[in-house]
Amino acid sequence: MPPAQGGRRTGRRGPGLPMGRVAASAPVPPTQGLPTRTGESTPDWLEPAMAANGIGSFDWDIRRDVVEGDLRACTILGLSGGGLDGSGFDRTSAGFMALLHPEDAPVVRRRVERAVAELGQCGAYYRTVVPDGGLHAVRFRGRVLADAFGRPSRMVGFVWDATAELHKRADAGRQAALREERSRFIKEAARALSEAVTVRDVARVFTELPLPGLPPDGLVLASLETGRLKILGASGYHESDMAGFDRTPMNPHHPAAEAIRNRGPVFLASRAEYQERYPMAWPWAERTGRGAWVFLPLVASGRSSGVCVVSFDDERTLDADERTLLSTLGGLVAQSLARARLHDAEHELAAGLQRVMLPRTVPAVPGVTTAVRYLPAGSGLQIGGDWYDVVPLPGGHVGLVIGDVQGHDVHAAGIMGQLRIALRAYAAEGHPPAAVMARASRFLADLDTDHFATCTYAEVNVDYGVVYAVRAGHLDPVVRRGDGSSAVQSVVGGLPLGVSPDQEYQVTRFSLDPGETVVLCTDGLVESRTMDLDTGMARLCDAVAGDFAPSGDGSQDPLEDLADKIASQAADSTEREDDIALLLLRWDGPEGGLAAQQLRRRIGQADLARVSELRGELRDALRRWGVAQLIDTAELLASELVTNAIRHTDRDAMFTARLYREDGREPRLRIEVEDESDLWPQRRTPGEQASSGRGLMLVEALADAWGVEPRGSGKRMWFELTAGGAED
């Protein structure tokens, strides 16, 4: 019944909306199809029709704010029987408003107000609260009638019970909410599975899915491999149950086999149905204690690759919507699993290729200690280009290589392997660092791969700790000094390898003291989208600096501890997007210690520039050995012997400098130059204007002793200097 408003205003809007209790009365006869006041004539057929359909009538006197209704209307509103007299209902708008559900009262009020104002019709659906706390749903339809002056006077109409419709609406609401929840679940599951990269990720996502409306008690994801089922993930089962089923041959009489074979789901609603349809597979299912099962085949590109098993503790018959939901989920898992398996295969191929390309072990070189690390990026393929290498060189020296080929795929890994082998071969042949880098650049350009590579190559003289470094578009090395400080060592750079076949590279020379360390790395360690290069290099210097004592149990060298520290910081970083190669070398000092300090160097016959380099190396060595007072004389005489050897012969020369310390005697420096020529030097007396011929004169005048010795093929020239007052 329509509510009315309290008050007795007059006018087109009427006095308001009375919400009072309905008084029981005789049926109200209609006027023009609507009920009228009591006493007016009613068609004989209307009352039986209303009674048969449970329709009641009401009459609202707008001016007096009184609502009257027949017995059926009162019953519909829950006011039948004693409730009319004992409930305190006063037939006013306030009393009637109390019967309505709080959410529906404003809607009814607005519609009735509009009908009164417009002298029109209105209808509404609303709920009333009955004494037992339950709800009745009511529908009404009424018309506002006017008096002789055109003012709203009465509203007459019908009411009928809509409680059944209320329950139907509630059921429909619940079904709609469940459908919405399932739709949302499919979207979220599709998103989560699309983000799963590896097979392990897919298994984890599947076993954690909360199925709406039918929470499972067990989930199993298995792939079919060579006729056997491999358990990829499971939840709700004991490990012992899965262990007995994992990697076992597929039983052709098992429901999983039927699902895979027919590419269609198998639904088993009860234990009896399982036992009846698959008696040979029932013993295993019986041990699990489940009551219902669903076997969903994983079908992708027309091929079955495995099965999903969804199980319930209780017996359960799934309706059409639930079966559709599970089948859709199986399709999503199948597509995601196929994509993940392809990714894993490609990743393993690329990772295996790179493992083959990288050196399996780093050779041990006396006088130095090395440590290496490689960290893959960890997502996608994201591997292939970075490499490191340690190359033993003639004369006991060692070469260090760190590089990065453009790209992160199998192609980049293949190019890296070719370039690493070529660069190693050039270095092992004894070419100087600049020539090694130039030849490697030409080699990469000749491959015509449209790839370039950055690289740093450093040759370390193990005898006295001098480093000759060449950089091709790569990072500068970091040096950790003996006092624990660290800094970036600037090295003259050139174009990346493969960019310009005719590129010439410059060599930068720097020295190490015993115990000092060189750190080489690729840009993945110090650069990312959220970290610029300067910040990254500063972080690396901070990580390298400090004191590093050996491991507490003495099982690991301090250099390994330092490598672990740098690698762990990189592995824990959320900013890392690239793979990382890391190479550390510590110069431990010349083999044999102070009693056998030695510098040994081969000089190419046509490589006159090496003479200048040799002089610098000799100066550093003598200063390091504590005989700096011999530098000028030793440098002058060594230059004369080396120059004579490469000028007057057609072969390479071997230069050796040794410092001997004998008990009770002053340190003695011996320098030897060997060549393969049988022509012995001759002492001459050059004229005042002569431009040559004074070498042996200088040696004889300044050396404490000198001589020439045969050595089978060729000869050895030598001289000795005594370090009077040299530092120990």
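Glu-322 is buried in this predicted model, because its relative accessible area of 8% is under the 20% limit. Its side chain meets that of Arg-316 in a salt bridge, with 3.4 Å from N to O. Arg-316, by contrast, counts as partly exposed at 27% relative accessibility. The points below place this pair among other features of the protein.

**The protein as a whole**
- The secondary structure comprises 19 helices and 30 strands.
- The protein has 728 residues, and 48% of them count as buried.

- Strands pair through backbone hydrogen bonds, in either a parallel or an antiparallel manner.
- Strand β13, residues 292–300, is mostly covered, with 8 of its 9 residues buried.
- Strand β12, residues 266–268, pairs with β13 in the antiparallel sense over 3 bridges.
- Strand β14, residues 303–312, also runs antiparallel to β13, and 9 bridges join the two.
- Val-294 in β13 stands opposite Phe-267 and also opposite Val-310 in β14.
- The hairpin of β13 and β14 has 2 residues between the strands, and Ser-301 takes a positive phi near 55 degrees there.

**An open sheet and its helix**
- An open sheet of 5 strands has the order β26-β27-β28-β30-β29, with antiparallel pairing.
- Its edge strands are β26 (597–603) and β29 (705–710), each of which pairs on one side only.
- From one strand to the next, the twist averages 15 degrees.
- Helix α17, residues 609–625, packs on this sheet and touches β26, β27 and β28.
- The direction of α17 makes about 175 degrees with that of β26.
- Strands β27 (residues 653–660) and β28 (residues 668–675) run antiparallel and are joined by 7 bridges.
- Leu-659 stands opposite Leu-669 in β28.

**Salt bridges in the helix and the sheet**
- The count for the protein comes to 33 salt bridges.
- Asp-620 forms one of them with Arg-623, where the closest N and O atoms are 3.3 Å apart.
- These two residues are 3 residues apart in helix α17, so about one helical turn separates them.
- Asp-620 is buried, with a relative accessible area of 15%, whereas Arg-623 is partly exposed at 48%.
- Arg-668 forms a salt bridge with Glu-720, and the closest N and O atoms are 2.8 Å apart.
- Because Arg-668 lies in strand β28 and Glu-720 in strand β30 (residues 715–722), the pair ties together parts that are 52 residues apart in sequence.
- Glu-720 counts as buried, at 13% relative accessibility.
- Salt bridges that share partners join Arg-668 and Glu-720 into one network with Arg-658, Arg-670, Glu-672, Glu-674, Glu-709 and Arg-716.

**A nonpolar patch on the surface**
- Phe-452, Leu-495 and Val-499 form a nonpolar patch on the surface, and together they have about 240 Å² of accessible area.
- Leu-495 lies in the loop between β22 (493–494) and β23 (508–511).
- Leu-495 counts as partly exposed, because its relative accessibility of 37% falls between the limits of 20% and 50%.

Terms used
Residues numbered from 1 in each chain as written. Predicted model: local features only at pLDDT ≥ 70, side-chain atom pairs only at ≥ 80, totals over all residues. Heavy atoms only, no water. Patch = residues over 30% accessible without salt bridge, like charges linked within 9 Å, V, L, I, M, F, W, Y side chains within 5 Å. Areas by Shrake-Rupley, 256 points an atom, 1.4 Å probe, with all protein chains shown as cover. Salt bridge = Lys/Arg side-chain N within 4 Å of Asp/Glu carboxyl O. Helix = DSSP H or I, 4+ residues; strand = E, 2+ residues; numbered from the N terminus. Buried < 20%, exposed > 50% of the residue type's maximum accessible area, 1.4 Å probe, protein only. Pairing = 2+ DSSP bridges. Axes fitted to C-alpha atoms, helices over the stretch in contact; angles between N-to-C directions. Contact = heavy atoms within 4.5 Å.
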